[in-house]
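Have the model open in your viewer and keep the selection tool handy. We will go from one selection to the next and look at what is there.

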Amino acid sequence: MLTTKLAKFCLSIAAVLTIPAFSNAQQMESHIGNLNGHSDAGKQLYFRYCWGCHGFRGDGDGENGPYLNILPRNFVAATFKCRSTPTGNLPTDEDLYNSLVRGLNNSNMPSWIALSSQQRADLVAFIKTFSPRWKNEKASDTIAVPAETPVTVESIKHGQELFQKLECWKCHGQEGRGDGPSAATLTDSNDQPIRPYNFTAGSRFKCGATNQDLYKIFMTGLDGTPMPSFADVIKPNDAWDLVHFLRTLQVAHNSPELTLWKSTKEGAEQVASKTVHGTPTGSGIK
Amino acid sequence: MAMKQGFIAGLAALVASAVMYAGPSGGTISGKVTYEGTPAKQKPIDMSKEASCAKQHATPLTTETVVTGPNNALENVVVYISAGAPDDPAPPSQPAKFDQKGCQYIPHVLALQVNQTLEIANDDQTSHNIHPLPKTNREWNKSQPPGTPPFSEKYDKPEFIPVKCNIHPWMHGNFAVLKNSHYAVTQGEGGFTLPNLPPGKYTISAWHESYGDQSQEVTISGSETKTVNFVFKAKPY
């Protein structure tokens, strides 16, 4: 009699102890090349390095959040800017990993290059525990980036036509200064004002510095911002032409595209009109 | 676990289909949506930055946050069965169409069902980007230059989703993604009719983008027609 009571009591204790442990055990893994990340290890890192901005619940509501210009990512909503997947889809593990390596330019997200690659992989795994979308949604196909076409003057000129036709200038401005007619009204999905990228200013792109990254930026769109996806409306060859033209807008970067463009009369005039002489403080102005 | 969920889902589908086969005839809920008080005055939209759209409107278009009809009728209210009716096992096969014409969304409020095809078209001579801002569904943002064919999307969870175009900041619209086919969006006179309701107890809800939502309980027996009216308090700002 007593033993059955005791047994029942032990069972109920066991039940109480195991249930919360069970419901908390939201395990996730990440796979980046040879790296396998584990959320348990990532959790320790998250609550050391990340939660100050991204918050205890991963909803971007950390202590520092209100002081930041672009609000920290909300991992519960799981809407990410830098992806290789079509708009509306979750990024790949590698996309998240690369964002950690790179940091996000023009925001408060630094590069986490100081962590080991294993630690970054673990963090990616832990970030995926915040939203059920990682469990419920099938991994989507990535946007294919075909081999780059040769950089030619014709390609740049065609890219310039596309810049007009697709109305990139409505936000980014005719000269790529980020001052188009709609620029002042733009807000991101957190209702915060957001500036379109200024090509002439000299900062890097948010989602990577290579031509392939640039290709992906306008094909995938930057979810959570006004930058839409053009995947359904630009053919791959046209997309490369647009990439080549966009490079010539970055007058502060010496790219092969810019060098070629400057060698033409038309290009040289355009670049000269855009190049900034001197500094904001006035030194070096001729 | 997955098997159990599958079993429950299957059971739910069976029950749902059994209820559906009660027959197309049934009770009807009809009524009118009105407002009391003074609604905010709608402001004219300055489309001078987009000449191709501005010339389509002889008189400037106004904002559409509150659209009213005669006798205090309130337009663009989604009236739907929020509880009591089973979720539709399959969405209707015809797409819900959303058009961009004259830098305006037509309709301003589009009601559709979960997983129903949403077809978005651009009839303008300018690029639009369609940027719905859901909280529980997936957020996407697509560019649609002039002359490109309509594209299709879907939402898999019920939600009221504001829609905007970042290029033309005055463009605002709404998607109402609903769980079943018993819904109506009020037009000019503010009236609505929800037919073919099997006998039962229902919660009928009305949603307006500026005035929020309200609900009432209705019990339908046989093929009777019940009248339910909604009155929203208008805000002058």
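Predicted model: local features only at pLDDT ≥ 70, side-chain atom pairs only at ≥ 80, totals over all residues.

**Two domains of chain A.** Start by colouring residues 29-136 of chain A as domain 1 and residues 153-274 as domain 2. Their C-alpha centres are 27 Å apart. Where they touch, domain 1 supplies 16 residues and domain 2 supplies 18. On the domain 1 side, the touching residues comprise six nonpolar, seven polar and three charged ones.

**A covered helix.** Next, select residues 93-102 of chain A, which form helix α3. Is this helix mostly covered or mostly exposed? Mostly covered: of its ten residues, seven are buried. Show the side chains of D93(A), D95(A), L96(A), Y97(A), S99(A), L100(A) and R102(A) to see the buried set. Step just past the end of α3(A) to G103(A), where phi is positive, at about 75°.

**The sheet in chain B.** Move to chain B and display the strands in the order β5-β11-β10-β7-β8, an open sheet of five with mixed pairing. Which strands stand at the edges? They are β5 (109-113) and β8 (142-144) of chain B; each has a single partner strand, so one side of each has no neighbour in the sheet. From one strand to the next, the twist averages 25°.

Finish by zooming in on β7(B), residues 128-132, which pairs with β8(B) in the antiparallel sense through three bridges. Pick I130(B) there, and you will find its bridge partner, K142(B), in β8(B).

Note on methods. Residues numbered from 1 in each chain as written. Chains lettered and ligands numbered in written order. Pairing = 2+ DSSP bridges. Helix = DSSP H or I, 4+ residues; strand = E, 2+ residues; numbered from the N terminus. Axes fitted to C-alpha atoms, helices over the stretch in contact; angles between N-to-C directions. Domains from an automatic or database assignment. Contact = placed C-beta atoms within 7 Å. Nonpolar A, V, L, I, M, F, W, Y, C, P; charged D, E, K, R; others polar. Buried ≥ 20, exposed ≤ 12 C-beta atoms within 10 Å, placed from the backbone.
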